[in-house]
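Good morning, colleagues. I would ask you to look at the model on the screen while I describe how its chains are built and how they meet.

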Amino acid sequence: MTAATRRRRIARDSSELNRRRVNRILIGLLVLVSLVWIFLPIAMAALWSLVDPSSPWAYPDLFPRDLSFARWDNLWNNTSLPTAIGNSYRLAPAVGFVALALATPTAYAFGRLEFRGKSIAQILSLLPIVLPSFAVAIFFSSVLIRLEFFDRYLSILIGHVVLFMPYAIRILTVSYAQVPQDLIDAARDMNAGPLARFRSIFLPLTLPGYASALIIIFILSIEEFALAFILGSPDFTTIPTILFSYLGFNFVRSNAAVVSLILVVPNVVILLFLERLLGSVGLESGTKG
Amino acid sequence: MKPTGLRHYAKVGLLLLPGLGVILGFISLVVWFAIAQSLGQFGFRGEDRWTLDFWREVGSDETFRRSFFYSLRVATISAIGAVALAFPFVMWLRQPFRGSQSMSAILKVPLLVPGLVAAFLYVNFISFNGFFNFGLQRIGIIDEPLRILNDERGIGVLILQVWKQMPFALLLLTGAVRSIGDDVFLAARDAGAGAAARFVHIVLPLTLASMQAAMVIIFIGAAGDYSFQVVAGPRAPFSMAQYMNVTRTTGGDRNYAAVIGMMLMVMSLFGSVSLAGLVRLAVNRGSYK
């Protein structure tokens with residue numbers, strides 16, 4: 001080994017060592033910032049939800065004096081929270097299934113067929129995402145008033161389906177596009193009809209995509225505020241609209257903490273499950289560019 | 001070769017109908033209602049007439065002017081801020097190292113937190129009795145808690161927007177940066193380009209499309225924001241969505257509210273496209289220097 005090669009190797013090793021050291025420092029900093037910026041507020045919310053009403057939590061107490069489930073109990077028994085949870089969890093799966101059913105043919109066309117104007121059609125399918133949802137909600141409410149259609153559940157269902165269908169179309173398009181053509185050709189050569197091909201090839205290979213799209217739409221629907229607020233208020237409450245009622249001018253901190261946890265904890269659990277599915281559907285490749 | 005037969009296009013048309021067809025039908029109806037309502041129709045307050053009076057009102061409405069520029073400012077700063085904050089993390093996490101996956105997961109936590117919950121966590125953190133004031137008092141920096149909630153400049157809204165949207169920008173940019181081959185970076189390094197030059201001449205031009213997509217979506221979301229503004233924003237000026245809702249509910253003037261809604265949509269469309277265009281111009285100018 002020549003002296004020059006040895007010097008280059010030493011320089012490379014030293015640069016690698018420096019890189020590792022910098023990474024360790026940055027990881028430490030990021031963990032510290034995240035503790036203050038993300039985990040501390042969530043821990044505070046959990047504590048606030050457990051503050052006993054008989055002994056308020058105020059300066060200079062570092063922690064609440066008494067903890068209890070009195071706030072949870074009170075909200076569950078004396079407010080419309082159970083109804084709101086019921087409404088949200090009745091709405092979200094229905095939105096998911098209807099959106100998937102409507103999105104499937106379009107996603108198949110985008111993923112498997114070639115036609116003139118396809119890229120324009122794909123851009124147009126994103127329209128609900130690029131329009132301000134609050135404005136869309138207000139104008140949609142005017143349309144419903146004009147049509148004298150006052151079923152709040154169905155109104156929000158229709159709104160959510162249209163608002164979130166672009167996500168289903170996008171994810172399913174990627175899933176359908178990834179089905180290998182030689183498999184379909186082989187099935188056709190074995191005289192498999194369209195239904196048999198769908199059952200034996202498309203369905204198993206696109207199932208992770210369907211599951212991912214369903215979960216994403218489910219979560220988006222549970223979280224959605226603008227349409228539920230404009231179309232549902234005041235009779236039809238969902239978890240976000242009831243949370244909103246405890247924020248702003250009427251800031252009821254402990255109640256807001258309870259509802260926040262009810263909204264966020266199931267989401268985190270579901271999304272952790274989704275992490276695994278997203279890998280198989282290749283969503284990241286679908287979002288490039 | 002693309003199939004061109006009538007039968008093929010009839011099949012494509014039928015497949016697009018339930019998905020794209022429903023989206024286009026819904027959006028056309030909503031936009032038609034917005035236009036008609038802004039021109040004096042569907043006021044639900046008596047006789048309708050076609051008029052430009054509601055559009056003329058905008059010119060002399062000082063509250064509208066302030067709302068428009070406030071929302072424009074919030075949307076622009078949020079879009080640029082979220083992308084600018086995401087880039088250093090994207091570059092840091094470009095090549096995997098021990099702990100990089102955990103860091104990426106931590107950075108994406110805000111994606112799991114619904115907007116309203118994020119607003120609550122923020123308000124809970126910085127409110128008069130919040131942890132921020134509590135901490136400053138405990139370490140002796142201040143004697144009395146600060147009143148920083150609902151600050152006049154909308155800093156709280158900007159913090160919330162950037163906090164919530166940065167992971168989205170991170171997700172889009174990560175895919176784009178990872179698709180740049182290592183050989184490109186190595187070639188640039190061998191040619192003597194430093195880290196800054198590689199970022200300006202390689203990363204920015206090759207991630208431009210993703211950067212523009214992230215900015216457009218963040219801009220539109222922030223321009224149409226209602227919930228962050230009501231919970232953590234200043235009492236005046238209103239955001240456009242807030243002013244639209246106040247006009248519709250408190251003033252009962254649906255026609256003028258429709259004008260504000262139309263202006264919000266126009267701002268979202270032209271503002272986001274202009275921002276994307278300016279970013280392209282800046283990146284191209286920087287990379288050709």
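Read along the sequence, chain B runs α-α-α-α-α-α-α-α-α-α-α-α-α-α. That pattern corresponds to 14 helices and zero strands in chain B, where helices (H or I, at least four residues) and strands (E, at least two) are DSSP runs, numbered from the N terminus.

Before I continue, a word on conventions. This is a predicted model, in which local features need pLDDT of at least 70 and side-chain atom pairs count only at pLDDT 80 or more, while totals for chains, interfaces and linings use all residues. Residues are numbered from 1 along each chain as its sequence is written, and chains are lettered from A and ligands numbered from 1 in the order in which they are written.

The C-alpha atoms of chain B fill a box of roughly 80 × 75 × 35 Å, taken along the principal axes. Of its 289 residues, 42% count as buried; a residue is buried if 20 or more other C-beta atoms lie within 10 Å of its own, exposed if 12 or fewer, and partly exposed in between, with C-beta atoms placed from the backbone. Helix H9 (residues 182-190) of chain B lies largely in the open, because the number buried among its nine residues is zero. Just after H9(B), Gly192(B) takes a positive phi of about 95 degrees.

How many residues of chain B are in contact with chain A? There are 68, and they touch 68 residues of chain A, two residues being in contact if their C-beta atoms, placed from the backbone, lie within 7 Å. Helix H1 (residues 6-38) of chain B gives the most to the chain B side, with 17 residues. That side divides into 50 nonpolar, 15 polar and three charged residues. Here Ala, Val, Leu, Ile, Met, Phe, Trp, Tyr, Cys and Pro count as nonpolar, Asp, Glu, Lys and Arg as charged, and the others, Gly among them, as polar.

Leaving aside neighbours within four places in sequence, Ala168(A) is in contact with Ala99(A), Leu100(A), Ala103(A), Ala213(A) and Ile217(A).
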